[in-house]
Amino acid sequence: MTILSPSGHIRGAVTLAFSTALMWALSLPAWSLIEATEAQRDTIVEMIEQLQERHYAGLAYADDLSSQHLDNYIKSLDSGKMFLTAADIAEFEQYRSVMDDQLQEGKLDAGFAIFNRYHQRLLDRLDKLIKTLPEAVAALDFSVDESVAIDSEDFQWAKDQAELDERWRKQ
């Protein structure tokens, strides 16, 4: 039996709601940006109300949990730090202490904006990999002494696309 802290229950429930909504998005055509539906907005409002009113610890979904939620959400999308850049992460900082207020109002804009950026970066990377595969294979040189960091915790978010390109080359 796994015992979670009260904040773990709230984070887990909110993450589940986001994950469910975002899994639906994967069935959309690749060019589509996803947007929240009215049902999703209503669901998140009800979920947070229920968590705050009925959770045994009586926790409020406030700034501290909003901050943890943002970190966990970004990590769940790009744990390998292979798609998003430091500039993307800096831009997402605007949501750190406001997601709690927005979600309680049914505003899912932050989560969808982050996911849409990640999804676009993923599609761009896939397109680039497919287009450059023949030249990348031809350029393989196993005599070069270089290494690849296996644990993404060992490096920072890439400063730009060139740094991401180099990470992908090594992978």
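This is a predicted model: local features need pLDDT of at least 70, side-chain atom pairs count only at pLDDT 80 or more; totals for chains, interfaces and linings use all residues.
Student: What makes up the fold, in helices and strands?
Tutor: The protein has 7 helices and 0 strands. Along the sequence the pattern reads α-α-α-α-α-α-α. Of its 171 residues, 34% count as buried.

Student: How do you know that helix 3 has the span expected of a helix?
Tutor: Helix 3 covers residues 63–77, which is 15 residues. The expected span is 1.5 Å times one less than the number of residues. From first C-alpha to last, helix 3 reaches 21 Å, close to the expected 21 Å.

Student: Which residues of helix 3 are buried?
Tutor: They are L65, S66, S67, H69, L70, Y73, I74 and L77. K75, also in helix 3, has 47% relative accessibility and therefore counts as partly exposed.

Student: Why is the contact of E153 with K75 called a salt bridge?
Tutor: The label requires a side-chain nitrogen of Lys or Arg within 4 Å of a carboxyl oxygen of Asp or Glu. The closest N and O atoms of E153 and K75 are 3.8 Å apart, so the pair meets the cut-off of 4 Å. The pair links distant parts of the chain, with E153 in the loop between helix 6 and helix 7, K75 in helix 3, and 78 residues from one to the other.

Student: Why is E153 called exposed?
Tutor: Exposed means over 50% relative accessible area. E153 has 53%, so E153 counts as exposed.

Student: Where in the chain are the partners R169 and E146?
Tutor: The side chains of R169 and E146 meet in a salt bridge with an N to O distance of 2.8 Å. R169 is in helix 7 and E146 in the loop between helix 6 and helix 7, 23 residues apart. R169 has a relative accessible area of 47% and is partly exposed; E146, at 40%, is partly exposed as well.

Student: What joins D88, E91, R117 and R121 into one network?
Tutor: Salt bridges that share partners join them. R117 is in helix 6. R117 and D88 are 29 residues apart in sequence and 8.1 Å apart in space, C-alpha to C-alpha. With a relative accessible area of 21%, R117 counts as partly exposed, because buried means under 20%. The count for the protein comes to 15 salt bridges.

Student: Why is F142 called exposed, and what makes it part of a nonpolar patch?
Tutor: F142 has 77% relative accessibility, so F142 counts as exposed. F142 is in the loop between helix 6 (109–138) and helix 7 (161–170).

Student: Which residues lie nearest the centre of the largest pocket?
Tutor: A136, L140, W168, R169 and K170 lie nearest its centre, out of 19 lining residues. The largest pocket holds about 550 Å³ of space. Helix 6 and helix 7 each supply at least two lining residues, and the largest share, 7 residues, comes from helix 6.

Student: Why is V148 called partly exposed?
Tutor: At 40% relative accessibility, V148 is between the cut-offs, so V148 is partly exposed. V148 is found in the loop between helix 6 and helix 7. V148 and R167 are 19 residues apart in sequence and 8.1 Å apart in space, C-alpha to C-alpha.

Terms used. Residues are numbered from 1 along each chain as its sequence is written. Side-chain values use heavy atoms; hydrogens and water are left out. Helices (H or I, at least four residues) and strands (E, at least two) are DSSP runs, numbered from the N terminus. Buried means under 20% relative accessible area, exposed over 50%, partly exposed in between (1.4 Å probe, protein chains only). On a 1 Å grid over the protein atoms alone, a cavity is a set of points where a 1.4 Å probe fits but cannot get out, and a pocket is an open set with protein on both sides within 12 Å along at least five of seven lines; lining residues have an atom within 4 Å of a point. Grid points are joined across faces, edges and corners, and a volume is the space filled by probe spheres set on the points.
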